[in-house]
Each structure stands twice: as structure tokens, then as C-alpha cells.
Amino acid sequence: MHIFLLFVLLVAPVTAVPGCHGGRDKDHRRQENCTAAGFTGVPAGLEPATKVLLFPQNLFSSLSWSSFQIFTEIYEIDLTGNKVPELTPSSAPILPSLSVLRLGSNRLTSLPDGSFSACPALTELYLEGNAVVSLSDNTFSGLSKLEILDLSYNRIQVLPQLMLQPLAVIETLYIEYNKVLTVPDGWFSPKEEVPYLFLSANPWACSCSLGYLRGYLDEYEYNVYVRNGPIIMTDPLSVVCDSPRRHKATAVLNLEESELCPPEPVHPIRGDGNKPMETVFKATTTTPKATTTTISRN
Ligand SMILES: *[C@@H]1O[C@H](CO)[C@@H](O)[C@H](O)[C@H]1NC(C)=O
């Protein structure tokens, strides 16, 4: 009898929520794995002491921070491959213990100010494979512990000037496979060095405004990587110009500063094709105004 009871306690699943199975993650945290079970939200009946909640490939069409609030020790939430279209900024840290949030392959198109204010203790944030077009200076505000940020495979065109400022301990930044043209001056400061940086497969515009990135790469080229699944390799030449045409496919690091930002050519006055040459000449040439200086003598 005693042996039987022990057997039941050891082997029976921790919870009886259909579609989920209890277990432990690699660091022995209590986990519920509810992969591909058709959930549109957090099901009732999961053990509140769960630390790792896995809901990949489900049907969540929104992320309600408070629906995870009963898991008071929550460490990781995996919502990869759901249908979340937007995030709601929260005025309070609803999930203060959450460290890892996976939102890859959802339907996010923008990430407004304070998108992650509900979970200020995040150390890893995965947003790859969405359709994010725009970010703001304050998208990641409050994430002072964030070490890994994955924004790869989105449609980001502009890196907001102050976006990295809150990320005081960022270690790994994935922005490959976006539509980024340039990096604002001083973008990496004040932390400056990001040990793992993934910048490939963006349409870098190799003109004067890329001068900051060019200088940055010179200094930190050994931090620039590409990845292939779990394998990462240093590849500072993976940051490649897309425009102007004369530099297309050239690695940014292989351009001389004078090629990136040639001195302004002195154009001869030319007709613009619509107006007769004479008019253009008259319109663009002005006689310097005579300067009158009155010297008063007493
Ligand atoms: C979760 O369960 C699925 C099958 O339902 C399995 O493929 C996957 O490896 C599990 N994940 C973890 C982290 O245990």
C-alpha cells in the first residue's frame, strides 16, 4: 500500500490540465509545457508555483500580463508562434520576477513606449520574426537587467537615437535581417561595447551618416558576429553596403573613410533641364551685396 502511494505521487503528472505536461527545465525549475495545444489564453488549473510556462504554437491573440500574475515566481514565458499583435504598456511591474520572455513569430508591428514595463527584471527578450516596423526611444525603458535582445527578422527601418540607453548591461543584440539604413551618432553610448553584435542583412546606406558605425566597427570589429542556428562566428565583414550603387556589396569596414564620405564635389552651374540655361544662371547667381561701413570720425 505504501509503495503504491509513493508510486502514484512520483509518477502522476503534477497537473491535470489537458494539453500541458508538468516537468522541470534544465535548471530544475518547475515547468508546464503546453506546446501546440490550441490555447487562446492561460488555462485554469496550472500549479501557481510554476516558474516556466511554455505556450509555443498556440493561439494567443493578445498578451494579458495580469493573466500570468497568479504565478508569483514566474521566471520564463514562452509564447513563440502565437498571434499576439500588440503589447499593452502597464503602469505597474505586474510580473516582477519574469526573466525570459519569448515572443518570436507573433504579429507585432510596433512596440510603443514602455512595452515591457510589466516585467522590469527581464534578462532575455526574444522578438524575432515579427513585423515590427517602428521602435521608440522608450520601447525598452526600465529594462536595466536586459542582457539579450533579439529583434532579428523584423522590418525595422530606423534605430531610435536613445533606444539603447536603458539597456545598461546589454550583452547580445540581434538586429540582423531588418531594413536598417544607418546607426545614429553615439547610438551605442554610454555602455558602448556590446560583446555580441549581429548586424548583417540590413540595407546599410554607405554615406556620410554611416561614419559613426564605420568608426565603431573599427574599434569593436571582434564583437561582430553572424549565426547559423546555434553556431555563431565572428564576421566583421558581414556589415555590407546596399547603397549607393557604387558601394553595393562592399563591406563597410573595407571602405576608406573618404569613400564613405567624400568631400563635397564643387559642381559647375548646370541647367536643370526645364529652364533655359540663362534663367538658371540668373536665378542662382546673386551679386554680393555691397557692405557699407561707416567709419565715424570725431
Ligand atoms: C514541450 O513539449 C513538446 C511536445 O509537446 C516537445 O516537443 C518540446 O521539446 C517540449 N519542450 C520542452 C522545453 O520541454
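**Loops, ligand and pocket**

Guide: Let's start with Pro190, which lies in the loop between strand 8 and strand 9. Bear in mind that this is a predicted model.

Visitor: Is the peptide bond joining Ser189 and Pro190 cis or trans?
Guide: Cis. Omega is about 10° for the bond that joins Ser189 and Pro190.

Visitor: What about Ser243 to Pro244, cis or trans?
Guide: That peptide bond is cis too, with omega near -10°.

Visitor: And where is Pro244 found?
Guide: In the loop between strand 13 (241-243) and helix 3 (257-260).

Visitor: Switching to rings. How many aromatic pairs does a search of the whole structure find?
Guide: The search finds 12. One of them is Phe188 with Tyr212. Their ring centres are 6.4 Å apart and the planes sit at 25°, so the pair is stacked. Stacked here needs planes under 30 degrees apart.

Visitor: Which parts does that pair tie together?
Guide: Phe188 lies in the loop between strand 8 (172-174) and strand 9 (196-198), and Tyr212 lies in helix 2 (residues 211-220), so the pair links parts that are 24 residues apart in sequence.

Visitor: Ligand next. Which residues are around it?
Guide: His21, Gln31, Asn33, Thr35 and Leu54. By class, that shell has one nonpolar, four polar and no charged residues.

Visitor: How far is an oxygen atom of the ligand from the side chain of Asn33?
Guide: It is 2.3 Å from an N or O atom in the Asn33 side chain. For Gln31, a polar side-chain atom lies 3.4 Å from a ligand oxygen atom.

Visitor: How much of the ligand's accessible area does the protein cover?
Guide: The protein covers 37% of the 360 Å² that the ligand has on its own.

Visitor: Now the largest pocket. What volume does it have?
Guide: About 160 Å³.

Visitor: Which residues line the largest pocket?
Guide: Tyr153, Glu176, Tyr177, Ser200, Ala201, Val226, Arg227 and Gly229. By class, the lining has four nonpolar, two polar and two charged residues.

How values were computed. Residues numbered from 1 in each chain as written. Predicted model: local features only at pLDDT ≥ 70, side-chain atom pairs only at ≥ 80, totals over all residues. Heavy atoms only, no water. 1 Å grid on protein atoms, 1.4 Å probe; cavity = no way out; pocket = protein on both sides within 12 Å on 5 of 7 lines; lining within 4 Å. Points joined across faces, edges and corners; volume = space filled by probe spheres on them. Nonpolar A, V, L, I, M, F, W, Y, C, P; charged D, E, K, R; others polar. Near = heavy atom within 4 Å. Polar contact = N/O pair within 3.5 Å; in protein donor to acceptor, adjacent residues only side chain to side chain. Areas by Shrake-Rupley, 256 points an atom, 1.4 Å probe, with all protein chains shown as cover. Phe/Tyr/Trp six-rings, centres within 6.5 Å; stacked < 30°, edge-to-face > 60°. Helix = DSSP H or I, 4+ residues; strand = E, 2+ residues; numbered from the N terminus.
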